Amino acid sequence: MDFFIQILIAAVAMGTPLLFATLGGVISERAGVINLGMEGLMLVGALVAFVVMLNSGNYFYAIAAAAIASGIVSMIHAFVCLMLRASQIASGLALTFFGTGLSGLFGDKLMGETVEPLARIPIPGLHSIPILGSVLFNQDALVYFSYLCVALTWWLLFRSRLGLNIRSVGEAPEVCDSLGISVLSYRFFAVVGGGMLIGVGGAYFPLALTPFWVDGITAGRGWIAVALVIFAFWDPLKALGGAYLFGLALALELRLQVLGIDISPYFLKMLPYVLTILVLTLVTIRNNRRGIQVMPAALGKVFFRGEKH
Amino acid sequence: MRKLISKLIGVTLTLLLVSSYAWAGKPSVGFVYVGPVGDGGWTHAHDLGRKALETAGYETSFVESVPEGDSERVIRKMARKHDIVFTTSFGYMDPTLKVAKQHPDTTFLHCSGFKQSKNAGNYFGRMYQAKYLAAIIAGGMSKTGRIGIVGSQPIPEIIRHINAITLGAQQSNPNIEVEVLWINSWFDPAKESDAAQALIDNGADVIVTMADSAATVQTAKKNGVFAIGNDTDMAIYGKEAHLTAAVWNWDVYYMEAVKAVENGSWKPGADWWGLDTGIVGLTSFHPDVPQALIVKMNKEKGKILSGAMDVFDHGFTKRDGTQVTKALSDGEMLGMKYYVKGLISKAPGS
């Protein structure tokens with residue numbers, strides 16, 4: 001039983017950076033802008049969080065600085081795709097390479113420095129619930145913050161006027177434009193706001209998982225998050241389940257070896273991506289039959305003001 | 001103003017010319033790396049060797065994070081620029097040979113491979129010897145009688161190291177249990193840390209890492225247990241936990257190889273250098289390591305240095321119970337796929 005709980009705890013720890021990044025990706029893509037720069041943004045967030053933590057010793061400053069730094073770097077993506085109307089795919093890929101290189105360049109001098117990782121804070125009352133309590137409510141502050149972010153993102157997108165506008169510019173930018181809603185402003189807001197959350201996801205690595213800096217610390221998690229946004233069907237609540245499911249796949253790879261269960265690690269490694277393709281295929285077939293479109297209709301399309309398509 | 005600028009340019013150009021003349025006699029050296037120089041492990045160790053060449057007055061350059069599948073292009077670029085090219089990952093083997101054929105005037109040296117041509121050779125170090133010695137310390141320091149190993153990629157080189165660690169630990173504690181968890185990657189700090197945690201949860205109190213980052217040392221420190229570092233000294237990441245590290249000192253090889261090319265005595269071959277050359281070694285020990293244990297380790301070290309003994313030359317029992325009585329050849333060591341007795345985990349693919 002303890003072993004089972006440990007797997008779930010590890011799944012939440014592995015899933016938390018994915019969750020932040022996925023929420024960020026959901027906000028951006030709901031507004032119609034694909035972000036393939038997640039890996040780069042996470043690395044920028046990770047580096048800045050580590051540097052600020054090292055110098056200030058304050059977790060709050062570290063997380064805030066990571067969000068701001070990734071927000072600023074996302075502005076490049078926003079500027080290139082929205083103002084210059086360049087390809088979102090190319091710009092996002094460039095952002096990944098840029099973020100990887102930038103963090104490597106400035107992280108060069110940090111070898112050997114370490115910080116104190118975030119401590120676990122049991123939530124009184126809740127943490128004594130059997131199983132769920134020790135898995136979900138005996139975690140560090142950033143994990144609790146991620147729960148809050150899921151709720152806030154959901155509320156923002158589906159219950160607020162701002163969110164309605166964000167989703168509208170992702171579905172029908174021309175209509176929004178004719179109604180006097182500024183497509184570019186909302187998209188800019190979504191890309192930068194989403195980028196900030198992605199940066200917080202990166203910050204989880206040096207602040208909780210591995211409390212030091214090493215080049216490429218996220219080891220490709222940004223790409224898993226790119227798949228997760230699709231897997232979650234651009235929905236913050238499904239992102240929560242998806243991130244923990246993918247986190248579980250990462251945690252299981254090691255735990256199955258402990259149990260001596262012979263499943264190829266390469267199978268588990270490809271599982272997140274296979275699941276994404278599978279779910280996408282099944283749900284899309286079902287939705288096509290019912291005539292529902294889940295993907296934001298204008299996702300990835302360049303918006304030209306006042307032109308017909 | 002304009003005069004000043006043109007003067008400055010003139011001076012700079014002259015300096016550049018003079019300095020390039022000064023280098024003309026010495027071969028220039030290029031390096032192709034598989035990881036970033038800041039990985040704190042494998043590539044970092046090679047780059048320390050490159051820096052030693054720079055200090056000795058050789059002109060060098062490097063390209064980092066070169067994917068094995070896309071290495072040919074980079075190796076060719078380096079061959080145009082340099083007299084000697086070192087390629088430092090197993091997967092660069094065939095591309096190195098291909099480029100070597102097209103650039104007969106350049107000398108190529110490939111790390112950890114086994115193919116040669118008239119201007120391309122191989123080099124590697126007997127890291128298993130250093131791992132064996134480090135494990136004597138590990139076995140003596142474990143109170144639970146259990147050592148955990150964070151495995152990287154399941155290839156013969158790493159399996160050889162795991163076996164050397166097990167045999168070394170048995171020198172201090174014949175009943176030691178060794179558990180291995182593979183992360184199936186050379187570098188994934190979060191997973192390395194998770195693997196170390198799982199091994200500690202399972203009862204190990206000394207963790208040996210085969211992966212490139214110091215995440216394992218950190219996790220050991222957090223849990224109040226010991227760790228042994230990999231490839232470079234990882235004590236800076238948690239000196240409370242760091243018993244020692246089995247490290248590469250590539251500078252000894254790089255200096256020798258470059259000098260051999262410089263004076264024309266270089267011949268293609270497969271150099272597998274041992275502990276006696278200094279290419280592998282241990283870093284300083286944790287203050288808690290008792291003197292008696294260090295003496296014991298030094299005794300074994302002396303036997304390896306004098307050539308009286310090597311790790312796999314005096315017989316051992318495989319995990320399945322079969323006896324090996326003869327000394328293993330280099331070829332057999334390079335193709336090792338089985339575990340020795342003492343490992344509680346099963347070898348990958350068995």
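The largest nonpolar core holds 194 residues. A nonpolar core here is a set of buried Ala, Val, Leu, Ile, Met, Phe, Trp, Tyr and Cys residues joined through C-beta atoms within 7 Å. A residue is buried if 20 or more other C-beta atoms lie within 10 Å of its own, exposed if 12 or fewer, and partly exposed in between, with C-beta atoms placed from the backbone. Ala49(A), Leu228(A), Ala138(B) and Ile207(B) have the most contacts inside this core. Its largest share, 15 residues, comes from helix α9 (residues 183-209) of chain A. Domain 1 (26-125) and domain 2 (127-248 + 279-334) of chain B both give residues to the core, so it lies between them. In soluble globular proteins, nonpolar side chains tend to be buried together.

The model is predicted: local features need pLDDT of at least 70, side-chain atom pairs count only at pLDDT 80 or more, and totals for chains, interfaces and linings use all residues. Residues are numbered from 1 along each chain as its sequence is written, and chains are lettered from A and ligands numbered from 1 in the order in which they are written. Helices (H or I, at least four residues) and strands (E, at least two) are DSSP runs, numbered from the N terminus. Domain bounds come from an automatic or database domain assignment. Two residues are in contact if their C-beta atoms, placed from the backbone, lie within 7 Å.

Ala138(B) touches Ile147(B), Ala169(B), Val206(B), Val208(B), Ile228(B) and Leu243(B), not counting residues up to four places away in sequence.

The C-alpha centres of domain 1 and domain 2 of chain B lie 28 Å apart. Their contact takes eight residues from domain 1 of chain B and 12 residues from domain 2 of chain B. On the domain 1 side, helix α2 (residues 42-55) of chain B gives the most, with three residues. That side has two nonpolar, five polar and one charged residues. In this count, Ala, Val, Leu, Ile, Met, Phe, Trp, Tyr, Cys and Pro are nonpolar, Asp, Glu, Lys and Arg are charged, and the others, Gly among them, are polar.

Between the chains, the contact takes 26 residues from chain B and 28 residues from chain A. On the chain B side, β7 (177-182), α7 (189-201) and α8 (215-223) each give two or more residues. The largest share, eight residues, comes from α7(B). The chain B side divides into 12 nonpolar, eight polar and six charged residues.

Helix α4 (residues 93-102) of chain B buries Met93(B), Pro95(B), Thr96(B), Val99(B) and Ala100(B). They cover an arc of only 165 degrees around the axis, which puts them on the same side of α4(B). The arc is that of the directions from the helix axis to the C-beta atoms. The cover over these buried residues includes α3, β3 (84-87), β4 (107-111) and β5 (120-125) of chain B.

Arg80(B) lies in helix α3 (residues 71-81) of chain B. Arg80(B) is exposed, with 11 other C-beta atoms within 10 Å. Arg80(B) and Asp105(B) are 25 residues apart in sequence and 9.9 Å apart in space, C-alpha to C-alpha.

In chain A, Leu110(A) sits in the loop between α4 (88-107) and β1 (120-122). Leu110(A) is partly exposed, with 18 other C-beta atoms within 10 Å. Leu110(A) touches Phe50(A) and Trp213(A), not counting residues up to four places away in sequence.
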